[in-house]
Amino acid sequence: MAPVNTGTQVTRGAAATATTGAPPTDPESAPTDPESAPTDPESPPTDSESPAYGSDFLQLDAADVPLGGKAAWLARRLRQAIADGRLTVGSRLPPTRVLAAELRLSRGVITEAYRRLAEDGHVEGRRRGGTVVVAAPSLAQVRARATGLYRSPAPAAPDRRVPGAVPDLFSGEPGADVFDTLRATHARIDFTPGQPDLTTFPRAAWLRAERAVLAGLSFENLGYGDPRGAPQLRRAVTAWLATSRGIRVEPDEVLVVAGTAQALTLLHPVLRDDGIDSVAVEDPGSLGTRQHLQNGNLATPPVPVDQGGVRVDALRATGARAALLTPAHQFPTGVVTSGERRRELLLWARDGGLVMEDDYDAEHRYDRPPVPALRALLADRVCYMGSVSKLLAPALRIGWVVPPPRYRAPLTEAKRFTDLGNAVLPQLVLARLMESGDLERHLHLLRRRHRRRRDAMIAALAEHLPGAVVHGAAAGLHLTVTYAPEVPDTDLAAAALARGVKCQPLSWHRQIPGNPGLVLGYAATPPGSVTEGVAILGEALRELG
Ligand SMILES: Cc1ncc(COP(=O)(O)O)c(C=O)c1O
């Protein structure tokens, strides 16, 4: 017998068509507006639940349906699907008549199978919301049940975890997944650096721009785009770079990418083809970007940073032909590369060095004038990278590269073979936000809010960690504090996390040992919580010291 599974997901509209016996709709004349699609009266949609599935997820062959015990068989298959994650908690089971039609079973069999799952506590009938998965059995339970060894679960044992117990994040070298683990670890107060105040994301402006873009969108825009990015966005980025970063380029010189992270990955083969297998990095310097380089098997010799920025004499001594730098606001110390050091860097670059300029948060400045990007001074030897991660939201994954001319073609090729170019719709929306001035307005709003948070952090540090030294608070989304060497910063970060405050130890961002410290993001935390979090840090340091 032919498999029941047709390989297509049954949509709400399709389900309704199947049961009314209406002829199939012509896709060209089918309604495109989901609001005008026919609705299924058995399980109308709710905002909070996933739509119903057809039977595809069960991967059933009608030949497998036993002659007797059909309801028990189906209940077993459904339990298995919930246990292995094909049906997640919160999703709805298919309407009984849809499943009955697809599996060629009676509705009575389906209803009985659902009833059994409800009895186990795995699904729940909701009058207008259909039957919803509310708990997942373990695979072991499912197997035991299939072999007749199942017992009802014993009442849950009391949670004996020590309150405040935290994963072992801070012992040993941080691995590639360290930021994922940190992100997934709950803390009442989050000082993780690198996040702007995401509560102010300009949702209304974005929605307005998206509506306007959709209203004027041509069919061509829905096809494959230019791998370098939508021309509208490349034009808007050139205007943005000219006014905010002093960089004058043509749209053809800009490559739209999925953030600086992707820019670094695209650069791996390009650097290798240019004979570069070692990229010097600042020390202290971003662990994240260093990991991205190392992931491409590039060596990352450390170069010390002092009050003037990266030490160019030490950079020369590494022999590396490329250096990844954050000249406008060094990560994590916040140092601005001095005029003298910029001149030395430009000489190093003219002698054959390549500056990879990571301009990650240069737009956020409070008590200092803007510093032009190095790319504005030396086009041939600087590969400039920026993104909207700190301007709008990291989740957008939109950024740009302005490479030196000789890297333009190979980088475009790397981007083409990676993903054929960024998703076009968000690029067009961003272009519109840039052109309309909404992005600029948003930046000004962010600066005001971030400044208040930064001021709260500086005041709280003076009160609760009076011996600590604050670095790099004139700009950006974070600051760094260093303190006397008795307490390792990983111990302090662990103690803070156990008390509900999340931050990064400075030593994560070092290859060369140095004073302990913490990297504290303030931009995403309201002033009251900033003060409270710093008080907790002070308490933790006093206890450990
Ligand atoms: C030093 C540094 N560079 C770049 C980035 C941003 O990367 P992306 O543009 O991929 O979001 C970050 C993010 O935190 C960072 O800390």
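**Terms and what they rest on**

Reader: What makes strand 15 and strand 16 (residues 517-521) a pair?

Author: Two strands pair if DSSP finds at least two bridges between them. Strand 15 and strand 16 have two bridges, in the antiparallel sense, so by that rule they pair. Within this pairing, Pro 505 stands opposite Leu 518 in strand 16. Before we go on, please note that this is a predicted model, where local features need pLDDT of at least 70 and side-chain atom pairs count only at pLDDT 80 or more, while totals for chains, interfaces and linings use all residues. Residues are numbered from 1 along each chain as its sequence is written.

Reader: Why are strand 12 (469-471) and strand 15 (504-505) called edge strands?

Author: The open sheet has four strands in the order 12-13-16-15, with antiparallel pairing. Strand 12 and strand 15 each pair on one side only, and that makes them the edges. Strands here are DSSP runs (E, at least two residues), and helices are too (H or I, at least four), numbered from the N terminus.

Reader: And what is left without a neighbour in the other sheet?

Author: That open sheet has eight strands in the order 4-11-10-9-8-5-6-7, with mixed pairing. Strand 4 (255-257) and strand 7 (309-310) each have a single partner strand, so one side of each lacks a neighbour in the sheet. Strand 4 runs antiparallel to strand 11 (residues 399-402), joined by three bridges.

Reader: Why are helix 2 and helix 4 called oblique to each other?

Author: The axes of helix 2 (residues 70-83) and helix 4 (residues 107-120) come within 8 Å and cross at roughly 55°. Axes are lines fitted to C-alpha atoms, for helices over the stretch in contact, and angles run from 0 to 180 degrees between N-to-C directions. Angles under 35 degrees count as roughly parallel, over 145 as roughly antiparallel, 65 to 115 as roughly perpendicular and the rest as oblique. Helix 2 and helix 4 are therefore oblique.

Reader: How do you know which residues surround the ligand?

Author: A residue is near a molecule if its C-beta atom, placed from the backbone, lies within 6 Å of it. The ligand has 15 residues around it, and the closest are Gly 194, Gly 259, Ala 261, Ser 387 and Ser 389. Helix 9 gives the largest share of this shell, three residues.

Reader: What classes do the shell residues fall into?

Author: The shell has four nonpolar, ten polar and one charged residues. Ala, Val, Leu, Ile, Met, Phe, Trp, Tyr, Cys and Pro count as nonpolar, Asp, Glu, Lys and Arg as charged, and the others, Gly among them, as polar.
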